[in-house]
Amino acid sequence: MRSLPFLPLLFSFANCQDPASFVNLFIGTTAGGHAFPGATLPHGMVKVGMDTDSPGNHAGYDANTSFLVTGFSQLHDDGTGGNPPLSNFKVFPSSNCSSFDSCPTSLDHRKIPRMLLVDGSPDDFASPGYFSANLSSGVRVELTATRRTSIQRYTFPASARGFLPRINVDLTNDGQVSSRGPTILIDPATGRVTGGSNFQASFGPGRYNAFTCVDFRITTPESNSQPQAVTPMEYGVWSSSGAVRGTVQGSPADSSSPLGALLTFPAAETGPTVVLVRSGVSFISAHQACANAEAEIPDFNFTNVADSARTAWNDLLGRIEVDIAAGQEDLRVLLYSSLYRTHISPADYTGENPLWTSSEPYYDSFYCNWDTYRTLFPLYSLHDPERFALIVRGMINIQQHEGWLPECHGATQKQWVQGGSNGDPIVSEFFVKFSKQAASLNISPASLYAALVADAETPPPNFDLQGRQVDAWKQFHFLPVDVIETGTAGSAHARVVSRALEYAFDDFTISQVAKILGHQADATKYATRAGYFVNNWNPNTTVPGGPQSIVGMMQPRRMDGTFNYTDPRHCSVNDPTHSTCFLDPNAVDGFYESSPLLYSQYVPHDMASLVKLQGGPQRFIDRLDFIIDNGYFDVSDEPGQQIPFMYHYADRPGKSTLRSRQTIAQFYNTSVNGLPGNDDSGAMASFAFFHLAGLYPVPATEQFLLSSPFFPRISFFNPLFNTRTTIKAKNFSPESIFIKSVTIDGGLWASNCYIEWDVFVRGATVELELTDDPHVGCGVLPPSLSTGGFA
């Protein structure tokens with residue numbers, strides 16, 4: 001893989017106009033990271049990129065060169081689990097077919113290796129808004145995109161007589177090979193291919209329709225060459241076998257067979273031939289896919305589209321500025337690459353909602369909010385509030401038409417709920433930060449609050465797909481493992497502890513909004529419900545073979561109030577039964593993708609109460625040390641992401657700083673396997689960004705936990721306020737990483753452990769005096785609900 005050279009040391013970003021040059025798109029593109037390295041705009045619907053035959057091709061690409069290229073498709077997600085999502089409408093260039101009839105068309109027969117560099121890595125390159133690859137066939141591939149359309153540039157080598165440039169348009173082979181009922185039509189005069197199909201959602205029971213419109217132009221590699229319309233020399237529809245010359249429409253041989261088109265174009269008389277392929281996409285119709293393409297890329301100007309994409313990325317990435325010390329080039333790349341991946345999803349599907357007509361924005365690829373609400377959206381608050389507002393407007397509009405805020409949503413379909421109603425903390429995060437600006441951002445506070453209340457109070461038809469298990473939560477103040485639900489469907493006995501802990505935090509976030517709106521009775525009610533987490537606390541549970549000082553654990557309960565037992569090691573690397581705790585509607589262990597030990601730390605809104613439950617500050621510290629030192633802390637799983645910063649609540653911020661640095665050093669790097677697991681739609685990226693910035697958010701509050709940044713200076717520009725907030729580290733050195741004191745605009749701040757949102761509203765200068773003493777305390781501890789800190 002090739003990347004851009006680094007700029008000199010100790011540059012100040014104020015003097016740099018190209019922050020995109022610090023983004024490495026190949027981080028996490030193998031070994032389960034599922035990161036997307038192709039071309040897209042910030043939050044673009046179209047994400048055009050390479051697809052491979054890797055079993056881990058959730059984002060199409062895999063950096064492992066043992067996997068072959070199957071095509072270049074138009075739609076992808078970033079960093080997801082589940083089944084491979086999207087990967088629709090592959091385009092594949094063929095340069096070495098001796099004849100039209102002999103050209104391999106099906107996915108398994110056409111796939112080929114990439115060219116390799118001298119170090120054995122693939123000859124692929126990527127930067128924000130652009131991707132290229134050199135294939136073993138001699139074809140060079142370049143990709144870029146607008147919001148709903150891609151343009152692809154295929155440079156075919158000059159070759160022996162008879163080997164003509166051919167383009168294969170594959171309509172049906174998505175990531176799951178799930179197509180049903182495809183249609184296709186070729187225009188013999190222009191080569192335009194239109195069609196669509198019905199596909200399976202990645203992480204839920206639904207199916208969706210998608211359509212494409214593919215046009216072609218011929219040009220040469222010279223920069224001043226103008227794209228020319230051309231009539232294809234040969235064309236035909238293919239299904240299970242090769243293409244049938246001269247056919248313009250067809251259907252697959254059976255329900256599981258593929259369908260596509262093959263077209264032949266004239267070769268240049270001398271030198272390489274360039275075929276430009278423009279692919280419009282729509283979730284409504286092929287006609288709209290054509291309209292999207294014609295509106296967004298009318299002139300087939302590849303360079304202009306790529307330049308515009310890079311400009312959009314630079315505008316966004318440039319809102320964060322850092323100074324670096326000697327030797328910090330990789331950390332800078334890690335920071336900006338993480339920031340970049342936080343803006344791939346959710347995707348802007350505005351104008352592409354087939355389910356109802358609305359003038360509101362429509363965003364999709366919430367995959368899933370359980371992963372992203374903790375760090376992704378609080379990061380938007382700091383530097384991209386206008387986009388955040390569009391996303392929230394779209395979420396409210398979904399609630400108005402589907403009844404509940406989206407939790408997990410993909411390709412217009414509801415997908416499986418993992419935790420609580422985790423749209424609540426996202427919408428609440430926005431309103432707590434921007435309630436005064438909501439009207440100017442076209443957000444109705446009444447509609448926003450109604451959406452939250454619907455989640456909290458209204459039972460859905462199936463709480464595995466939307467909403468909550470409301471009745472049991474309100475009746476018992478926990479979720480009994482033996483409850484029998486009536487009037488609603490869902491896995492009533494599954495994940496009862498982890499969901500209850502999420503519900504408690506969801507209700508806390510609603511109470512925060514209610515307070516701002518002056519709904520005091522509601523604020524009190526939901527704050528009380530936020531305290532229900534304590535009802536799953538069994539004070540007598542211990543860890544088998546563990547320290548006797550660790551007593552008390554979150555555990556399942558029955559309707560009669562008695563506790564069931566789940567081994568605290570369950571779902572961890574130390575689980576003697578090697579359980580995974582993925583989605584299982586029949587599981588009664590109580591937890592999802594994490595252990596009781598880890599979930600017992602999940603009360604982000606009332607850490608003061610949790611410290612008391614766990615025996616006071618020292619026992620709380622001992623428990624955190626045990627969790628991290630014995631491998632229970634799983635940074636790849638979101639419920640434990642706050643753990644490195646939790647020492648703050650026991651007045652040991654120095655330990656938080658050490659654990660934060662340990663986490664980044666151990667689990668993150670800039671290699672192709674530089675992520676600890678799936679990127680989870682930017683969840684891993686935003687987590688890393690906050691640690692590198694020396695901050696950690698408490699969603700739907702006005703507080704950020706504070707540590708020292710990994711850089712001498714970092715600043716955040718907020719375009720809504722037109723302010724820039726700068727955090728400076730005084731006495732910055734590898735040894736002096738602990739905060740001794742904090743000043744804000746020259747005035748001494750009371751706490752070394754958190755700062756307030758107002759700092760970012762007014763554009764303050766925060767100066768951290770650093771020391772090498774790890775024992776400095778907080779001064780004032782971070783707020784908790786039980787201490788009145790969020791009042």
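**Cysteine pairs**

Modeller: Let's start with cysteine 753 and cysteine 778, which make a disulfide with their sulfur atoms 1.9 Å apart; a disulfide here is a pair of cysteine sulfur atoms within 2.5 Å. Keep in mind that this is a predicted model, where local features need pLDDT of at least 70, side-chain atom pairs count only at pLDDT 80 or more, and totals for chains, interfaces and linings use all residues. Residues are numbered from 1 along each chain as its sequence is written, and side-chain values use heavy atoms, with hydrogens and water left out.

Biologist: What is the handedness of the disulfide of cysteine 753 and cysteine 778?
Modeller: Look at the torsion about the S-S bond of cysteine 753 and cysteine 778, which is about -80°. That value makes the disulfide left-handed.

Biologist: Is cysteine 778 buried or exposed?
Modeller: Buried means under 20% relative accessible area, exposed over 50%, and partly exposed in between (1.4 Å probe, protein chains only). Cysteine 778 has 0% relative accessibility, so cysteine 778 counts as buried.

Biologist: How many disulfides does a search of the whole structure find?
Modeller: Cysteine 571 and cysteine 581 make one, S to S 1.4 Å, and cysteine 368 with cysteine 408 make another, at 1.8 Å between sulfurs. Searching the whole structure gives five.

Biologist: What is the pairing of the bonded cysteines in sequence order?
Modeller: Number the bonded cysteines of the protein chain in sequence order. The pairing then reads 1-2, 3-4, 5-6, 7-8, 9-10.
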